[in-house]
Amino acid sequence: MVKLICTLTDHNDDVNYCAFSSSYLATCSLDKSIRLYSLSSFDELPYSPLRGHTYAVHCCCFSPFGNLLASCSTDGNTVLWETHNGLKLAVLEHPYRHPVRICRFSPNSTYLVSGAADGSVNLWNVQSFKVYRSGSVKDGSLVACAFAPDASFFVTGSSCGDLTVWDETMKCLYNEKAHDLGVTCCDFSSKLASGNKQDVHYFLMASSGQDSTIKIWLISLADHTGLELKCKYTLKGHTAPVLACAFSCDGQILVSGSVDKTVMIFETTGNILHILTQHTRYVTTCAFAPDMPLFATGSMDKSVNIWQFEPKQLLKERSAIEEPKIFAESWSEEEVSSWLCTHGLQDVVEIFKRNNIDGKELLSLTKESLADDLKIESLGLRSKVLRNIEELRTEMKTACLSIPDEFLCPITRELMREPVIAADGYSYEKEAMEKWITEKRHSSPMTNLPLQRLILTPNRTLKMAINRWLETQPKYEKQSP
């Protein structure tokens, strides 16, 4: 369901935020820079990085049409950039030069909200680059902001734990103590929620906090009764403060990142679908691409991971037309071509067709046969093909058991009982990894790079997730806590 397809390591300090448009991925960092990448290849654009801030950049966001990028910083400035050439369009200075922590465009591109460390909120006119309205919260810094999908109001979150709802005149419509130790992020589902009153608009919003929880809120708005905000339920699973949360574009999935170094993927019903453990430090940000099944996570480990994600309905649609991977040996040449396209390997489709590669021959390919028999000249392309074939072989081995891949030890390919995190950020079965190290193999089993340290840390979050899964699988014996 989730596959790591790319890791970006261009920043030389903590990654604070990432954002998608339909064409680009933007990331920003404590290193004072913003970087732009093409979504077609994840190559950095020629005019990236964008440099204009004198201190750490806390947030970046695209305008709804993707033609503008906003970034805000400790230097007190919110900068507008043209995305097609990286040129600076305007610098919006905080009136008192306080650090700006968050910025967000309205869905109609009319306004840009910026929130600062002094608790002030500025609503900027994007055409004139002037402050249209201003407001402030009573306590704390503003660290989160999200617009309702119809632009009728927006919500800010503060470090003291409040969620505040504002209209476009900066009138406070509602205020709620949401997270005891402070709000860290908030995001709206793009889909309107259902309710029991026909003349009321319902919205679904998520907020994350320093209290290690994610809360799902139902916001109702009606002309005669005004606005109400109610907590529907609380998502628990992280063992440390949750720093980021984001809804998928269809509103069916929620992703979160935490100080516990994990990324969790929830259904909006609260079920945990996946726990990703590749980051080695706090996960600070997460974002979904608008037009494709991708999401990104950024971390204090200075990296941004790009994940390919397939919602359940997409998997159902594909299952109707695709042979299950366990039967890959019986794939026809056309089915192999479809598989190549699904994994971004369109460049080799014609080569495979000319050589009549069916499923059985696909699984027997090696790096030598790719180079000598198929004459694929690009080393990078050969590596990508071989990597996907290896993953296919692995998926075939585990498909019958239906064990989530992240529950399998990369060394033994068996269900982990005592998962531990190694210095490469991956999780392994404790006994298997200890044997790996004892045999004086001090490189990562996943990357083959040297391990910076040999300490193994118990992955309690993953073990809890495995235990929850085991409870639904009567043929397996539940692990001890």
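Guide: Let's start with Lys-463, which is buried, its relative accessible area being 12%. This is a predicted model, so please read every value here as computed from it. Where do the two partners sit? Lys-463 belongs to helix α8, residues 460-470, while Glu-418 lies in the loop between α6 and β29 (419-421), so the pair ties together parts that are 45 residues apart in sequence. The two ends of this bridge also have their own surroundings. Glu-418 is partly exposed, with 35% relative accessible area, whereas Lys-463 has 12% and counts as buried.

How many salt bridges does a search of the whole structure find? The answer is six, and two others are worth a visit. One of them is within helix α6, where Arg-393 and Glu-390 are three residues apart and thus separated by about one helical turn. Their side chains meet in a salt bridge with an N to O distance of 2.6 Å. Both partners are partly exposed: Arg-393 has a relative accessibility of 21%, and Glu-390 has a relative accessible area of 40%. The other joins the side chains of Glu-228 and Lys-230, at 4.0 Å from N to O. Here Glu-228 counts as partly exposed at 35% relative accessibility, and Lys-230 counts as exposed at 54%.

Charged side chains also turn up in another setting. Lys-261, Arg-281, Lys-302 and Arg-453 form a positive surface patch. If you want to find Arg-453 on your screen, look in the loop between α7 (430-438) and β31 (457-458). Arg-453 is partly exposed, with a relative accessible area of 45%.

Now for the backbone. Lys-375 has a positive phi, near 60°, although this residue is not a glycine. Its place is the loop between α5 (367-372) and α6 (379-399), and at 57% relative accessibility Lys-375 counts as exposed. Ala-151 is another residue other than glycine with a positive phi, near 65°. You will find Ala-151 in the loop between β14 (142-147) and β15 (154-158). Is Ala-151 buried or exposed? Ala-151 is buried, with 17% relative accessible area.

One peptide bond deserves a stop as well. Ser-48 and Pro-49 are joined by a cis peptide bond, with omega about 5°. Pro-49 is in the loop between β4 (33-38) and β5 (50-51).

Let's finish on a helix. In α2, which spans residues 333-342, the buried residues are Val-336, Ser-337, Trp-339 and Leu-340. Viewed down the axis of α2, these buried residues fall within an arc of 160°, so they line one face of the helix. Just after α2 comes Gly-344, with a positive phi of about 70°.

Technical notes. Residues are numbered from 1 along each chain as its sequence is written. This is a predicted model: local features need pLDDT of at least 70, side-chain atom pairs count only at pLDDT 80 or more; totals for chains, interfaces and linings use all residues. Side-chain values use heavy atoms; hydrogens and water are left out. Buried means under 20% relative accessible area, exposed over 50%, partly exposed in between (1.4 Å probe, protein chains only). Helices (H or I, at least four residues) and strands (E, at least two) are DSSP runs, numbered from the N terminus. The arc is that of the directions from the helix axis to the C-beta atoms. Patches are made of residues with over 30% relative accessible area and no salt bridge: like charges are joined within 9 Å, nonpolar side chains (Val, Leu, Ile, Met, Phe, Trp, Tyr) within 5 Å. Accessible areas come from the Shrake-Rupley method with a 1.4 Å probe; for residues, only the protein chains shown count as cover. Lys and Arg count as positive and Asp and Glu as negative; His and the chain ends are not counted. The place of a charge is taken as NZ of Lys, CZ of Arg, CG of Asp or CD of Glu.
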